[in-house]
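Here's a quick tour of the salt bridges, pockets and nonpolar cores in the model below. Have a look at it first, then read on.

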Amino acid sequence: MKKILILSASPRKKGNSDILCQQFKKGAEKAGHSVEQVYLYDKEIGFCRACYVCFKTGKCVLQDDMADLLERIQSADVLVVATPTYFMTMNGMLKNAIDRFLPKWQNLGGHDVYLIITGHDGKEGLSLVGEELTKIFQGLGNNVKDIIWGARVWQKGEVEQTKAMDEAYQIGLDS
């Protein structure tokens with residue numbers, strides 16, 4: 001049994017990114033894995049101040065939800081990172097959380113990582129997000145196993161009519 005942590009950067013619960021997270025979760029739970037989903041928008045995560053105190057202490061000076069989130073990431077076997085695409089990149093909430101990886105960046109590797117990327121463009125319009133997130137998570141020492149593309153979706157629920165639904169479930173089952 002693996003411990004899977006899903007980081008959902010969707011600002012809309014039951015939005016397209018969130019729906020694919022739920023499909024992944026269903027598959028992973030059916031396979032017998034333990035799955036926790038964290039909604040980044042429900043967390044208080046301030047912006048990195050670039051003070052670099054964390055380089056000396058291993059802790060951020062900001063007292064918010066990020067320290068707990070970093071512990072959860074470290075203790076997971078598998079990470080699933082989901083974001084809608086805004087202006088051809090990940091949304092700001094996810095980028096903000098990634099910037100706050102700084103205190104523990106050297107200890108955030110060793111995971112299998114799955115990415116869920118949604119947006120109104122086709123896969124070619126979403127690909128920059130996939131490239132960015134792949135480089136970030138590989139740079140931390142992780143193995144990006146697969147990307148689930150929720151392409152050509154905008155309004156809540158549109159992803160339910162795409163092949164991404166089956167892909168998310170199956171990849172969760174196989175994770």
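## Ground rules

A salt bridge here is a side-chain nitrogen of Lys or Arg within 4 Å of a carboxyl oxygen of Asp or Glu. This is a predicted model, so local features need pLDDT of at least 70 and side-chain atom pairs count only at pLDDT 80 or more, while totals for chains, interfaces and linings use all residues. Residues are numbered from 1 along each chain as its sequence is written, and side-chain values use heavy atoms, with hydrogens and water left out.

Helices (H or I, at least four residues) and strands (E, at least two) are DSSP runs, numbered from the N terminus.

## Salt bridges

The count comes to 6 salt bridges. Aspartate 68 is partly exposed, at 35% relative accessibility (buried means under 20% relative accessible area, exposed over 50%, partly exposed in between, with a 1.4 Å probe and protein chains only).

Through shared partners, Glu36, Asp68 and Arg72 end up in one network.

Then there's aspartate 42, which forms a salt bridge with lysine 13 at 2.7 Å, N to O. What does this pair tie together? Aspartate 42 is in the loop between β2 (34–39) and α2 (53–57) and lysine 13 in the loop between β1 (3–8) and α1 (16–30), so the bridge links parts 29 residues apart in sequence. Aspartate 42 is partly exposed at 49%, and so is lysine 13 at 40%.

## Pockets

On a 1 Å grid over the protein atoms alone, a pocket is an open set of points where a 1.4 Å probe fits, with protein on both sides within 12 Å along at least five of seven lines; lining residues have an atom within 4 Å of a point. Grid points are joined across faces, edges and corners, and a volume is the space filled by probe spheres set on the points.

The largest pocket holds about 340 Å³. It has 17 lining residues, and Pro84, Thr85, Tyr86, Gly119 and His120 are the closest to its centre. Helix α1 and strand β3 (78–86) each give two or more residues to the lining, with β3 giving the most, 3 residues.

The second largest pocket comes to about 210 Å³. Among its 13 lining residues, Gly58, Lys59, Cys60, Ala67 and Lys104 are the closest to the centre.

## Nonpolar cores

A nonpolar core is a set of buried Ala, Val, Leu, Ile, Met, Phe, Trp, Tyr and Cys residues joined through side-chain atoms within 4.5 Å. The largest one has 31 residues, and Leu40, Phe101 and Phe137 have the most contacts inside it. Elements giving two or more residues to this core include β1, α3, β3 and α5 (123–139). Another core, of 20 residues, lies apart from it, with Ile6, Val35, Val80 and Tyr114 among its members.

Which residues does phenylalanine 101 touch, not counting those up to four places away in sequence? With contact meaning heavy atoms within 4.5 Å, phenylalanine 101 touches Met66, Leu70, Ile73, Leu108, Phe137 and Leu140.
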